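Take a look at the sequence and the structure below.

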Amino acid sequence: MLNPRKIAVISTGNGGQSMAAYFSHLGFEVSLYAREYERAGMFPKDRVFKMTGIITDNPVIHLISSDMCAVVKDAHLIMVTTPTQYHHVVAAEMARCLEDGQIIVLNPGRTFGTYVFGQTLAEHGNTKKVLLAEAETFLFACRCTRIAEPVIHGIKEHIRVAAHDPNDTPAVVAALGAVIPDVFEAAESTLETSFSNIGMIFHPLPILLNITRVEKKEKFLFYREGISPLVANILDRMDQERMAVALGYGHHILSAYDWLFEHYGSTGDTLYERIQNTEAYANIYAPVDIDTRYIFEDMLTGCVPFYYAGQAIGIDTPIIKSSILWASTVYETDFIQHGRNEKRIDFAAIAETCGY
């Protein structure tokens, strides 16, 4: 029988540790999954976390384990926070462990997350009736530079979520609302959440445009110092391409400029000013390793599927495409070949459902 007070959090990165600590702080029984056995062993034996930032507490995590089945057993809600380029890895491991009625939320799904996750579950033999959904963005702005010491800088508002089967969306929103009231809202479909992927705008290009600083392990504020007016202007133009693709599929989504106001209340006359005026971004430093999820996640599961989604309906995305090619050159990795491309997702079928 599922336990309505148990939440499984999948991944021990910045987001996973922050979410596990926060949900435990709220009084839920939280189990935390680490993909490597050694990673699970790095946490304190008493499983006490030191949570700081906008919330200060020392919550205890019920279970920290690399045993997927033990982590998700009886959990009513499973929150997948792992970097989205590993969704297929997590889904393959999870497929044999699921129970009827469990709710799986990809937080976030980035672009077409439920398509990849659901397909992988089926390929690995899952026959249980689960509700699979994705959120447009992660719940927090957070960092965790030390094991079991998450820092939550801000909690977003008005986060849209949709189930892969739209009929399941009300149940998913209700389950999330029972944990965190008045934060998650129903999206029309996973197309809306997929096209609302802001990470692909705010993450990869600022890394590429500051690559020598990151390579030198320079300590600088990612948003405040890494995004200049010139960089913000390029991001704004890239964002116009994102919105054009979404509109081509019949979805009017928020611009990055409006997104910052809705989720953080940020004000300003330009995208640059709103980024600079986002309090939750004020103390977030840039990665100190060029092998960052800001490239590998947001290229593979953001820019690449957006490029293909545009191609499927005849919309060119030159800045998005240039970003992919530039990253492929810098990192000596064929991001188009390894990303969520037309071999992994049937973009033509998705376009057909939207009238193309």
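A nonpolar core is a set of buried Ala, Val, Leu, Ile, Met, Phe, Trp, Tyr and Cys residues joined through side-chain atoms within 4.5 Å. Buried means under 20% relative accessible area. Keep in mind that this is a predicted model.

## The cores

The largest nonpolar core has 60 residues. Within this core, F195, F202, Y223, I324 and F335 touch the most other members. Helix α14, residues 293-312, supplies the largest share of the core, ten residues. A second, separate core holds 42 residues. Among them are M19, I61, M79 and A163.

What does F195 contact once its neighbours within four places in sequence are left aside? The partners are F112, R242, V245, A246, Y249, H251, I253, F306 and A309.

## A buried side of helix α12

Helix α12 spans residues 256-264. Its buried residues are A256, W259, L260, E262, H263 and Y264. What covers them includes the strands β8, β9 and β10 (159-163). The cover also includes the helices α8 (199-202), α11 (229-248) and α13 (271-276). G265 follows α12, and the phi of G265 is positive, near 75 degrees.

## A sheet of three strands

Strands β8 and β9 also belong to an open sheet. Its order is β3-β9-β8, and the pairing is mixed. Which strands stand at the edges? They are β3 (52-53) and β8 (140-143). Each has a single partner strand, so one side of each is left without a neighbour in the sheet.

Now take the two pairings in turn. β8 and β9 (residues 151-155) pair in the antiparallel sense over four bridges. In this pairing, A141 stands opposite G154 in β9. F140 has I155 of β9 as its bridge partner.

## The cysteines

A disulfide is a covalent bond between the sulfur atoms of two cysteines. How many disulfides does the model have, if a disulfide is a pair of cysteine sulfur atoms within 2.5 Å? The count comes to one. The disulfide joins C69 to C97, with an S to S distance of 2.1 Å. The angle about the S-S bond is -70 degrees, and the link is left-handed.

The pair links distant parts of the chain, 28 residues apart. C69 sits in helix α3 (residues 68-72). C97 sits in the loop between α4 (87-94) and β6 (103-106).

C142 is in no disulfide. The nearest cysteine sulfur to C142 belongs to C144 and is 8.1 Å away.

| Cysteine | Relative accessible area | Class |
|---|---|---|
| C69 | 23% | partly exposed |
| C97 | 8% | buried |
| C142 | 6% | buried |
| C303 | 0% | buried |

C97 has 8% relative accessibility, so C97 counts as buried. The cut-off is under 20%. C69, at 23%, is partly exposed.

## The second largest pocket

The second largest pocket has a volume of about 260 Å³. Its lining has 14 residues. Which of them are the closest to its centre? They are Q85, H88, V116, R340 and R344. The elements that give two or more residues to the lining are α4, α5 (113-123) and α14. The largest share, four residues, comes from α5.

The loop between β6 and α5 deserves a look. P108 lies in this loop. The peptide bond from N107 to P108 is cis, with omega near 5 degrees. R110 lies in the loop between β6 and α5 too. Its phi is near 55 degrees, a positive value in a residue other than glycine.

E332 lies elsewhere, in the loop between α15 (318-331) and α16 (335-338). The phi of E332 is near 50 degrees, again a positive value in a residue other than glycine.

E332 has 75% relative accessibility and counts as exposed.

Key: Residues are numbered from 1 along each chain as its sequence is written. This is a predicted model: local features need pLDDT of at least 70, side-chain atom pairs count only at pLDDT 80 or more; totals for chains, interfaces and linings use all residues. Side-chain values use heavy atoms; hydrogens and water are left out. Buried means under 20% relative accessible area, exposed over 50%, partly exposed in between (1.4 Å probe, protein chains only). Contact means heavy atoms within 4.5 Å. Two strands pair if DSSP finds at least two bridges between them. A disulfide is a pair of cysteine sulfur atoms within 2.5 Å. On a 1 Å grid over the protein atoms alone, a cavity is a set of points where a 1.4 Å probe fits but cannot get out, and a pocket is an open set with protein on both sides within 12 Å along at least five of seven lines; lining residues have an atom within 4 Å of a point. Grid points are joined across faces, edges and corners, and a volume is the space filled by probe spheres set on the points.
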